[in-house]
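Hi,

Here is the structure I promised to pass on. Please open it first, then read my notes below.

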Amino acid sequence: MKLYVRMLEKLIELPECPIETAAKSPLRHLLDDVGLEVKGVEVSSQAGVVFTIESLANRGDHLYALGAAREISARTLAQIKMPSVAGQLPERKAGVPVRRATDKCLRYALLEMTVPSPMSLRNDVAACLEEPGKHHAIVDLLNYVQQEFGQPMHAFDADKVDGEIIVDLATRVEEIEALDGKTYKVPEGSILIRDRKKILAVAGVIGCANSMVTESTSKVLVEAAIFDPVSVRITARAMGIGTEASHFFERGCDPEGILPALKRLVYLASGSAGAVSSADVAHVLGFTYSEATPPEKRKVSIALGTLRAQVNLLRLEEIEVTARLKNLGYGVETSAVGKDKVFTLTVPSWRLWDVRNPDDIVEDVARSLSFSRVKVELPPLDYDVPERDPIELLTARVRPALRGNGFTEVITKGFYSLAEVELLESLEKGSAARHIGIKNALEQNNSHMKITNVIHLMRVLAANRKRGLLSVKAFELCHVFANPEQLPSGEPRPREVLVYDYERDVLTMAFAGRWSEADWRKEESLEELARSFKGSIASVIRSLGVELSVGKSESAFLHPGMQASVKVGRSVLGFFGVIHPLIREACELKDAALYCELDVLALYKVIRRTDTPSVSDFPPISRDITLKVGDKEQAGRIVRLIEEANHESLSATSIVDDFKKPEEGFRRVTYRFTFQRPDRTLRHDEIDYAMAGLTELLKSKHGVEMAP
Amino acid sequence: MGVDLSRAHISELGARFTKDLGAVDRPEDLEVVRRDWLGKEGVVKELFKGLRDVTPEEKPAVAALLNELKNQVEAGIDAKEAAFKNAALKRTLSEQFLDLSLPESSPGFGAIHPVTIIEERITEILRPFGFQNISGPEIETDYHCFDSLNIPKHHPARDMQDTFYTETGHVLRTHTTSVQARVLQERHLFENNRLPIKVASLGRAYRNETEDASHQAMFHQYELVWIEPGLTLAHLMGLITHILKELYGKRRKVRFVPKFYPYTEPSLGPQIDCSVCKGEGCGACGGAGWATVGGSGMVHRNVLTEFKFDPEKVSGFAFGLGTSRLAAQMYNFPHLRAVYENDLRVLKEIV
């Protein structure tokens, strides 16, 4: 909302606010401190200083100058100077009868008055309006009163109203042409203002063009009402419109504010002391008022001791609390209960929408004191340290390993665009259906939730290569999302660590460029890069206390011949490999790139926590053996087969050479078997025997042959 | 013929050794001298063999003379040998050269994202208070994100949330406070409302905004809830002040301004003086000189009641610090978008 300092200073004495330094003025800081957060400052010679205030969603009374003055008054204890108003409204009823047919309209008042022609506002009044002169002067005047008193009002051209004003609910979807010239559909159940033939306004939202005040209007019916905030909000939302009036009504207007606002209007419109510069002033012709049950007189009690404890001010005195609350509009009664004092407070009518319990009073007192006066205190320490979060445990190990391997953590969005979904669908039929769509994304790029992090990390690689980085290594811990195969029940259940219905945690790594950040002699081959990348994955896995092994993988997002699964023992944790060229192209990445995606829950399950390290002091003995391995076969498979044989003396199996003669249809891969026992030195005949057994196993059970 | 073991002869041999050693200028010549003097048939061995013929009375004196000669020879040869080795080493060292100014070969050293750095720092700061970090889903139910947190369907507060709605009928959590709701619900349904509750939840939250330099559809929060009898507003403000002072230093100014959050009452927004403009007012802080770094408040009694905690008996506070905003303030990012630009040149500068 716009807060005009010129309007405010008529209501209450203010701290300094020089035009030149308004943004840093004492007034600005005061406003921030009492909860009228300044989001912008405008200065002009005509309007003076105008603050744009971000009002709190529960405080309809913060939307107008008098409300702001009350907050200042509670802080500075300066008294409010109430603006002049007309004495009494006439007892004569308005010429058009009013029928309030729904209690969703809590109060309805109609003031009939003439409109002088021409009519213009005094300059100082016009200066406190956002677009003075854009509307008829009577409408400007209504807006002025709204800025001051917070009561939205609407003027109908009396000559365009047919016979009666009816306030009721729409029984079907209605279509209206509004004051802004647009046509809207109004939902069933909305509060409508009608006459006998037509809809005049959508209550609390916008008026209709059919009864609009124009320069030829000579008589108006000014409506001032209180509408149900929720009803106004539902209607405005459904119509896709947010007006100044709906903003006020949604936050709740003062049920007792109608009459003062109308009296202020009459004062400003009908006397030379008011706001109208014309010699012709308005004349009030009649006034009609209707209400549902009167608003409650809400009482809330709170002990002085409670207030003192909350703000930790033992010397907070009854007299100070009373003064501040009274300036906020509370009726204050005090009684003694034991050694304590209890305040019984009557909630002011403009706060009936938000003040309901003692906590609200704590807030009002703390705010009026200023939070800077609260004596802050640390809560007690706790030596019963709880169990650490799995993610915390995991990342404490994984992040240093990644960092040591040159990987930098990035944070990418959780979304994909439709184009990205289609790209993945082109690689994996059916993947589009796994994507969870967003129904209302404002940005096209945020239309779906990502099912994999591959595209985002590729974009990170591409952007950083374009920035000139020779070697780009990035990792991210994030959620990926997918429609589950079976819809979850939604029933509450005890939390399972890292288990969610529509998402899971993944650790993703990606790389492009040179492996060495300053390798100036030669570029590494793709194979060398892939091995280095795999080495980093192995470091991550080792950081969990376990060893990496690999298996077959069929990710549609990777190169079909250059990928593998990441395993620990028999557990598959994820996959890695060279990125599919179509993804690379889509991300405008020129280099080949590598990607790895690991399931964090699976990683968490394989962490080795408390094992005692076991090492042997007896000498290891190694034997090499060269086997035939197919051109497109994973050599690592044989390592796995050997490990699965679980020979008691075999401590390690590794690949030490991979050689291919051009004329042969297979590769010669040399494996090194290392034997070692914890209790004694092995004899050569024992090792010969073990080697023969393992070789035979490979041949007979798995068809693996020795290289000739 | 017997060996001459007279004092004069032994003394003469000592002088001869000194002369022989002095003539040696190559390691191989030193080996000849070693053989001639200390070898099996060398001078020293031969002299010791002659001891057999010496009378017992004279033996101690002669043996002492021979030992003296032997020590002289061994020490002389060792010293010469060491001198040769030193000279050789010196020569080698003076010849060898590695140009270590050439570029290193290394996979480099990565970096942790500033948001993570802030998260880890806060976790460490909070550890002595006994907080447990708990993870939660980003795709949330309306109930956990709004309804249970005192944000009914048609309350204007929902406007503040700018919610993403998914086709599954869920929302993307607009705050990590949804984890708070899950924890309270779990304590109610499965743990008989066990207290105290001291839980932190951190991670991404989403707002359906048109994105620009200061508005992103995703941001990070560090949310905390503490429920236990006797907690006050002063405790809440004390803990937040402690965190912010630990993060930014004791001289950093901290203040609280009134806010409205449906799930807390009273509600307040912690602010620090803007690091970008040093409190003068700039784009990063909206000209205020103060940057709001989160939201906080005493847990609303409606939230406590929703999960069957008695607001007359227990109280609690909750706050959510914007870790992306804290990171921006810590490392002087000019705006929020810069935190998420993933420019490795920038991220690697942050250690």
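**The interface**

The contact between the chains takes 100 residues from chain B and 97 residues from chain A; contact here means heavy atoms within 4.5 Å. This is a predicted model, where local features need pLDDT of at least 70, side-chain atom pairs count only at pLDDT 80 or more, and totals for chains, interfaces and linings use all residues. Residues are numbered from 1 along each chain as its sequence is written, chains are lettered from A and ligands numbered from 1 in the order in which they are written, and side-chain values use heavy atoms, with hydrogens and water left out.

The size of an interface is often given as the accessible area lost when the parts come together. For chain B and chain A the buried area is about 8500 Å², and carbon and sulfur atoms give 56% of it. That area is what the two parts lose on being put together (1.4 Å probe), summed over both.

Salt bridges cross the interface too: the rule finds 10 between chain B and chain A. The rule asks for a side-chain nitrogen of Lys or Arg within 4 Å of a carboxyl oxygen of Asp or Glu. Asp32(A) forms a salt bridge with Arg255(B), with the closest N and O atoms 3.6 Å apart.

**Aromatic rings**

Over all chains there are 15 aromatic pairs. Rings of Phe, Tyr and Trp (its six-membered ring) pair if their centres lie within 6.5 Å; planes under 30 degrees apart are stacked, over 60 edge-to-face, and the rest tilted. Take Phe407(A) and Phe533(A): their ring centres are 6.2 Å apart and their planes are at 50°, so the pair is tilted. Phe407(A) lies in the loop between helix 12 (390–404) and strand 18 (408–409) of chain A, and Phe533(A) in helix 16 (residues 526–542), so the pair ties together parts 126 residues apart in sequence. Helices (H or I, at least four residues) and strands (E, at least two) are DSSP runs, numbered from the N terminus.

Phe407(A) is buried at 0% relative accessibility. Phe533(A) is also buried, at 0%. Buried means under 20% relative accessible area, exposed over 50%, and partly exposed in between (1.4 Å probe, protein chains only). Ring pairs link Phe407(A), Phe511(A), Trp515(A), Phe533(A) and Phe576(A) into a cluster.

**Charges over rings**

Lys628(A) lies over the face of Phe666(A), 4.7 Å from the ring centre. In chain B, the charged end of Arg252(B) sits over the ring of Tyr248(B), 4.8 Å from its centre. The test is NZ of Lys or CZ of Arg within 6 Å of the ring centre and within 35 degrees of the ring normal.

Arg667(A) is in strand 29 (residues 666–675) of chain A. Arg667(A) is buried, with a relative accessible area of 14%. Leaving aside neighbours within four places in sequence, its contacts include Lys628(A), Asp631(A), Glu633(A) and Asp658(A).

Cys253(A) is in no disulfide either; the nearest cysteine sulfur, that of Cys105(A), is 12 Å away. Cys128(A) is buried at 0%, and Cys253(A) is buried at 4%.

Best wishes

Conventions. Disulfide = S-S within 2.5 Å.
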